[in-house]
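Colleague: Hello! I am new to reading protein models. Could you take me through one, feature by feature?

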Amino acid sequence: MDDGDEDDTDDEEFPWLKRLHAVAQDPHGQQVGRCQGMLISRDKIRGNFLAEMDEVSQSASDLSSALFDRWGCLQSHFYEHPIKKGTGAWGRELDEGPFLLIEILSINKEYRRQGYGKRLFADFWGQALEAAPDCGFAVVWPTHLNDDTFESENLTAEQADNVYSELSRASEDFWRSVGFRRIGTSVWFGLATDPNHNARGLSAVEDYRRPYNLRRHPFQAGQTWPCDQAIFEADDDSTLSLLKARQESTPATDPLWLSVDGHGNTILHIVSITRRALTLTWLLQQPFANTLLTIRNLEGSTALEHLQSSLENYRRAKEMFTDDFDGFTPNEVKCLTLLSGIAKPSSDQFLRLKYGCTCGACLAGFISPRLSHALETQAYLARDMMKDHLIDTSGSEWVSCWSDNLMHIAPEVRRRLRTNKAFRRSFMTIVGYVAELLQSKIIPTQSQLQDLAKSEKLSHLENFLNRGGNVSSAVLACFDRVLDEDVYIGNGEHQEAFEEDLKALPACRNDREFVFACRRYCLLEGLPTNAAKHVAARIKMGSFD
């Protein structure tokens, strides 16, 4: 085997990856196979993981979108969902460290089943571990795409499908033979470096088998109504008319209403994922509704989970390219409430569904308990340190010391902070109130602070607010401080100091959505969203000077 060192390079365009290449040779030195892939140091791109991976190659993009979230961490359903976790062998260990993505391993046909493939992989894996001793795992998608000899030009669609299936099965068998096991129910297989990893203890027979039909189009010839192409392509009004008309000849007790398409989707799955609220309302009023709600498709999703997965994919795409997710539409929220059995959602419930909250406790739908904890902690720390500095430093020294935390204050107010001690004390007071309000599960707003200043007769604070001071400058400063101590894009001190406290709080999809939360706060206060752009730039560039 030849490790192909001449082609192994650090990529100038993508300095966080190293491309690897190896070849297999017969006893005469003739090349009979090749393997290529890349070592990915994701810690260098945590703040822009999905977009960076999307730029590298199709396989890197496929991997990141299928398995990971925006921070390069394994999507939670692959270790929490009762079905999608598969064997349950993989978990949050996939969140950490560099990893190897194998893009192609191909052996010439006449040299297959002679051990060349296994020896080539062993050499390639050894090469990766030598280049990155802390590499935690390798990943591969076993498919004909790993074999560049697949040709389908002269085959019928059915023949090509059969050949594809055989090649894919053979590819899966090969990768299992060298130790790889499926990650959850995904198409991706992993090999852990740790010899004691749970996946290492699974035999090939015990590994999860993904349903074959998921490789095919969900609508096949002769598909049982109502799960057919015509229903899928109809609009909401037309779908409702079709179903009502069919009900006249097909009683609710007929099992036809429970039929599924090629991917195991019921009519409820189809109507849900296409956001047809009118039809969904009608379906859920039928005698067979409770049964439909419990049926899982071949991916393991109920109709509600199918919709949630679709909405999550939309949100992830927004985060990848524009990072301007601003909630789901009223129609999408309507579908979520119907499937969740919420007859009349409260204002809090509506906002939490709209803004993708998964913990059921986000303030105004977008500040999760863990994010609130981080903001509250930073506010208390800043208030206490500002108080100490207020006593023994001059105005200019105080402003210079806290310049990073004062950047969201209007320039005129910032100038007054240098000469007016009452102004400095007022800003410090506001920072403290931010902490207290968050601790009381209240989002700090300008109107609240104004009412507070009047009711408690805090003339210095009222004067500060009337002369251009605002609570948003303190809240936005806390967002900056949270970034400084974030576990992936900061120094990680908050996680280290409050690990047990954070574990006691419910995890949420919105926990680390800093740009989204900052923008929503600005909009709530009727402010420009420049601060959110500032947060996005800091995350992307990793500039935490």
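**Reading the fold step by step**

Modeller: Gladly! Among contacts in the protein chain between residues at least 6 apart in sequence, 67% join residues at least 24 apart; contact here means heavy atoms within 4.5 Å. This is a predicted model, so local features need pLDDT of at least 70, side-chain atom pairs count only at pLDDT 80 or more, and totals for chains, interfaces and linings use all residues. Residues are numbered from 1 along each chain as its sequence is written, and side-chain values use heavy atoms, with hydrogens and water left out.

Colleague: How many helices and strands does the protein chain have?

Modeller: Helices (H or I, at least four residues) and strands (E, at least two) are DSSP runs, numbered from the N terminus. The protein chain has 24 helices and seven strands. Its C-alpha trace spans about 85 × 70 × 40 Å along the principal axes.

Colleague: What percentage of the residues count as buried?

Modeller: Buried means under 20% relative accessible area, exposed over 50%, and partly exposed in between, with a 1.4 Å probe and protein chains only. In this chain of 545 residues, 50% count as buried.

Colleague: Which residues touch the most other members of the largest nonpolar core?

Modeller: A nonpolar core is a set of buried Ala, Val, Leu, Ile, Met, Phe, Trp, Tyr and Cys residues joined through side-chain atoms within 4.5 Å. The largest one has 86 residues, and Phe427, Ile430, Val434 and Phe514 touch the most other members. Helix H17 (residues 421–439) gives this core its largest share, 10 residues. A second, separate core has 30 residues, including Leu17, Met38, Ile45 and Phe49.

Colleague: What is Phe427 in contact with, leaving aside its neighbours within four places in sequence?

Modeller: With those neighbours set aside, the contacts of Phe427 include Met386, Trp398, Leu406, Ile409 and Phe464. Asn405, Ser473 and Ala474 are also among them.

Colleague: Now the strands, please. How do S2 and S3 run, parallel or antiparallel?

Modeller: Two strands pair if DSSP finds at least two bridges between them. Strand S2 (residues 17–25) and strand S3 (residues 31–40) run antiparallel and are joined by nine bridges. One example is Val23, whose bridge partner in S3 is Arg34. The two strands form a hairpin with five residues between them, and Gly29 in the turn has a positive phi of about 85°.

Colleague: And how do S4 and S5 run, parallel or antiparallel?

Modeller: Strand S4 (residues 99–107) and S5 run parallel, with three bridges between them. In S5, Val139 is the bridge partner of Leu101. Strand S5 (residues 137–140) is covered on both faces: Phe137 and Val139 are buried on one side, Ala138 and Val140 on the other.

Colleague: You mentioned a positive phi for a glycine. Where does Arg275 lie, and what is its phi?

Modeller: Arg275 lies in the loop between helix H8 (267–273) and helix H9 (277–283). Although Arg275 is not a glycine, its phi is positive, about 60°. Arg275 counts as buried because its relative accessibility is 18%.

Colleague: Why does Ala364 count as partly exposed?

Modeller: Ala364 counts as partly exposed because its relative accessibility is 24%. Ala364 is found in the loop between helix H13 (347–354) and helix H14 (369–392), and has a positive phi of about 55° although it is not a glycine.
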